[in-house]
Structure formats: C-alpha cells, structure tokens
Amino acid sequence: MQMARLLAKNVGAKKVLVKSKPAFLVDSMLGSLVRKLRFFGFDTLYVANSPDDEIISFGINHNRFILTCDKEMYKRIVKARAQGTLLKGSDDLEDISRTFQTYGALLAEYMEVNSRCSMCNGLLAKRSHAEIAEKINMEIKSRQKQFFECKRCYKVYWEGSHFARLMELSKRIDNRILERLE
Ligand SMILES: [Zn+2]
C-alpha cells in the first residue's frame, strides 16, 4: 500500500487510493495493448465501433478503467468523471506504464500470468500433457512441463519465448513508473 500512496500523491490530488485489481475497457486501435494486459492477467474488454457514450457508461457501471488514444473521447471520460487515461497507441511499454501510473499502482502488484487468455479474455486452467495431447506437437510437449487451456476458446498456452519476452517487458514497465516517481 505504501507504493499506492506514493503513486496517488504523484498523479494528483483527485486520484483515490487503489485497493483492488483493475479491470479495463479498451477503445479501438489498441489491440496489441489488449493482448498484453490479458497476458498479465487483467480482465480486459476490447470495444471497437461502439459509441463513446456507451463505452463511458459501461466503464462507470462496471467499474472498468477506460483506455483510449482518442483525445475527444478522453475529454468525455474526464467530463463524465469516469476512470481512464489517454494513451499514445504506438508504444505498449509507454502505454502500459502510463496506465498503471494513472491507476496508482505498479503492474507487479496485481500481475497474474497464466490466468487469462490473450485472445478472448477467458480464464485459463492448468492442463497436463495427457489433457492437451491432441492439440500440441511432440516437440513442444518434450520441452514444456506445464500447459494452460482457455476455458472459453480452448486455445492452449505454455511458457515459451513469448512468455519470457513479456515477463521482461513487465519489469521495464515498472522500472519506467518508478523512474518517473523519482
Ligand atoms: Zn480464449
């Protein structure tokens, strides 16, 4: 909680202290950001082609933090007193750092990898070799011990090179937040 207090102080007096894991509502044009937030374990809904007012009222009613790279949309978010932040849309490291800094937390405080499907936002379940036998080739099975399967779309995940790259990114995100607080 010490960090939350420090961050809250830094981002401005109107921000309240954060107590729960954030859930997100992401505007169009931020597809790569959506997949990364889900990888890090955050409940993230992607809304494309929805009217701004509907997105904002959904965010307020469902307590979701709205992410957009549309300046006009962001003005509406502020006016409606919804929670959200304006992002660049071209740099995921910068955008995710900005998101958590505005929220008043470090990514690592709430990160839960292997919990959510990057493609559909469904929850993942642990699977043994036998359970995913028909879906994964022998080479991957020989190299990996643990698998995860999406309960909604049945996509299978494992901790390959992609996993290592994103874990590295998570450290850079938190380092950037901490650098800004110094
Ligand atoms: Zn899925």
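**Reading a helix pair: H2 and H5**

The buried residues of helix H2 pack against strand S1 (24-26), strand S2 (44-46), strand S3 (65-68), H5 and helix H8 (161-181).

Reader: Before we zoom in, what kind of model is this, and how many helices and strands does the protein chain have?

Author: It's a predicted model. The protein chain has 8 helices and 7 strands, and 30% of its 182 residues count as buried.

Reader: OK, which residues in H2 are buried?

Author: They are Leu33, Val34, Lys36, Leu37, Arg38 and Phe39.

Reader: Now the helix pair. What describes two packed helices?

Author: You use the angle between their axes and the distance between the axes. Here, H2 (residues 31-39) and H5 (residues 92-103) pack at about 60°, and their axes are 10 Å apart.

Reader: Why are H2 and H5 called oblique to each other?

Author: Look at the angle: roughly perpendicular covers 65 to 115 degrees and roughly parallel is under 35. The angle for this pair is about 60°, so H2 and H5 come out oblique to each other.

Reader: Is the crossing of H2 and H5 left-handed or right-handed?

Author: H2 passes H5 in a right-handed crossing.

Reader: And which residues meet there?

Author: From H2 you have Ser32, Leu33 and Lys36, and they meet Asp92, Asp95 and Ile96 of H5. Sorted by class, that contact has 3 charged, 2 nonpolar and 1 polar residues.

Reader: What follows H2?

Author: Gly41 does, with a positive phi near 100°.

Note on methods: Residues are numbered from 1 along each chain as its sequence is written. This is a predicted model: local features need pLDDT of at least 70, side-chain atom pairs count only at pLDDT 80 or more; totals for chains, interfaces and linings use all residues. Helices (H or I, at least four residues) and strands (E, at least two) are DSSP runs, numbered from the N terminus. A residue is buried if 20 or more other C-beta atoms lie within 10 Å of its own, exposed if 12 or fewer, and partly exposed in between; C-beta atoms are placed from the backbone. Axes are lines fitted to C-alpha atoms, for helices over the stretch in contact, and angles run from 0 to 180 degrees between N-to-C directions. Angles under 35 degrees count as roughly parallel, over 145 as roughly antiparallel, 65 to 115 as roughly perpendicular and the rest as oblique. A crossing is left-handed if the near helix is turned anticlockwise from the far one by less than a right angle, and right-handed if clockwise. Two residues are in contact if their C-beta atoms, placed from the backbone, lie within 7 Å. Ala, Val, Leu, Ile, Met, Phe, Trp, Tyr, Cys and Pro count as nonpolar, Asp, Glu, Lys and Arg as charged, and the others, Gly among them, as polar.
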